[in-house]
Amino acid sequence: MNSTLFIIGVIGNIISVLVFVSPIPTFWRIVRNRSTEDFEAAPYVLTLLNTLLWLYYGLTKPDGLLIATVNGFGAVMETIYVVLFLVYAADNVKRVKTAKLVAALDIGFFGIVFVATTFAIGGLDMKIIVIGLICACLSVFMYGSPLAAVRTVIASRSVEYMPFFLSFFLFLNGGVWAMYAILDRDVFLGVPNGIGCFLGGIQLVIYAAYKNSKVGCQSPNNDEVAYDASTSLLSSDDRRYGQNDVSIRV
């Protein structure tokens with residue numbers, strides 16, 4: 001690995017870590033209120049699957065250390081978020097729905113990919129291609145998952161559930177990893193992160209359009225919500241994506 005590629009990879013790791021820790025203020029709010037309120041679990045569950053698959057890809061691919069390290073960290077953080085979502089789910093229906101998603105995606109789907117690529121696919125190159133294709137496809141969905149908040153933002157004319165910093169870091173994260181992928185000639189890493197950079201830019205435009213909008217009816221805790229959405233550098237994706245996530249994440 002040449003020095004330029006390594007430096008860009010380290011920068012990508014730093015930015016990705018910021019993305020992974022960005023939901024912390026959101027989950028502090030959830031723990032404080034002992035409820036997930038209107039936040040959705042699906043983006044976290046999907047981001048956890050994404051990080052597990054990219055971790056597997058990074059460990060399988062030669063010179064994939066920087067991909068593996070950041071996604072290993074991300075897998076730990078996303079696991080914590082999913083557990084907290086299960087504990088503080090607003091109602092039992094959401095808790096059961098989240099548990100089913102975890103079982104189907106993070107355990108079931110990842111398990112199938114791992115077993116299939118380990119025992120049914122011969123040759124390192126083919127294994128890398130299969131894992132890379134799966135990772136690339138899932139990453140496109142993951143990068144787009146915060147866009148689920150756009151409808152809410154437009155309907156409510158409020159960016160409470162789509163704060164600035166997550167979208168900003170997703171945009172930056174996608175750009176840096178796309179550059180890394182170009183230098184490393186890794187199409188599986190480059191395509192989803194290039195798309196992620198574009199989608200992150202769309203989210204920034206939506207945020208700019210509605211950031212000064214006033215909502216007719218506000219909750220008593222709206223000032224605290226504003227603190228979560230605009231004051232913290234590591235404000236979550238989340239606020240309905242709580243994005244979610246993710247990650248992204250590489």
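Trainee: Which residue just after helix 2 takes a positive phi, and of about what value?

Mentor: The model discussed here is predicted. The residue in question follows directly after helix 2 and is Arg34. Its phi is positive, at about 55°.

Trainee: Which residues of helix 2 are buried?

Mentor: Helix 2 covers residues 24–33. A residue counts as buried when its relative accessible area is under 20%. In helix 2 this description applies to Pro25, Thr26, Phe27, Arg29 and Ile30.

Trainee: Is Ser22 buried or exposed?

Mentor: Ser22 sits in the loop between helix 1 and helix 2. Its side chain reaches the backbone oxygen of Val19 at 2.6 Å. Because the relative accessible area of Ser22 is 0% and the cut-off is under 20%, Ser22 is buried.

Trainee: Are helix 1 and helix 4 roughly parallel or roughly antiparallel?

Mentor: Helix 1 (residues 3–21) and helix 4 (residues 65–87) have axes 9 Å apart and pack at an angle of about 5°. Angles under 35 degrees count as roughly parallel. Therefore helix 1 and helix 4 are roughly parallel.

Trainee: How many nonpolar residues does the contact of helix 1 with helix 4 have?

Mentor: On the side of helix 1, the contact includes Phe6, Val10 and Phe20, and on the side of helix 4 it includes Leu66, Phe73 and Tyr81. By class, this contact of helix 1 with helix 4 has 6 polar residues and 1 charged residue. The number of nonpolar residues in it is 10.

Trainee: How far apart in space are Val113 and Leu53, C-alpha to C-alpha?

Mentor: Val113 belongs to helix 5 and is buried, with a relative accessible area of 6%. Leaving aside residues up to four places away in sequence, Val113 touches Leu53 and Ile134. Val113 and Leu53 are 60 residues apart in sequence, and their C-alpha to C-alpha distance in space is 8.5 Å.

Technical notes
Residues are numbered from 1 along each chain as its sequence is written. This is a predicted model: local features need pLDDT of at least 70, side-chain atom pairs count only at pLDDT 80 or more; totals for chains, interfaces and linings use all residues. Side-chain values use heavy atoms; hydrogens and water are left out. Buried means under 20% relative accessible area, exposed over 50%, partly exposed in between (1.4 Å probe, protein chains only). Helices (H or I, at least four residues) and strands (E, at least two) are DSSP runs, numbered from the N terminus. Axes are lines fitted to C-alpha atoms, for helices over the stretch in contact, and angles run from 0 to 180 degrees between N-to-C directions. Angles under 35 degrees count as roughly parallel, over 145 as roughly antiparallel, 65 to 115 as roughly perpendicular and the rest as oblique. Contact means heavy atoms within 4.5 Å. Ala, Val, Leu, Ile, Met, Phe, Trp, Tyr, Cys and Pro count as nonpolar, Asp, Glu, Lys and Arg as charged, and the others, Gly among them, as polar. A polar contact is a pair of N or O atoms within 3.5 Å; within protein, one must be able to donate a hydrogen and the other to accept it, and residues adjacent in sequence count only if both atoms are side-chain atoms.
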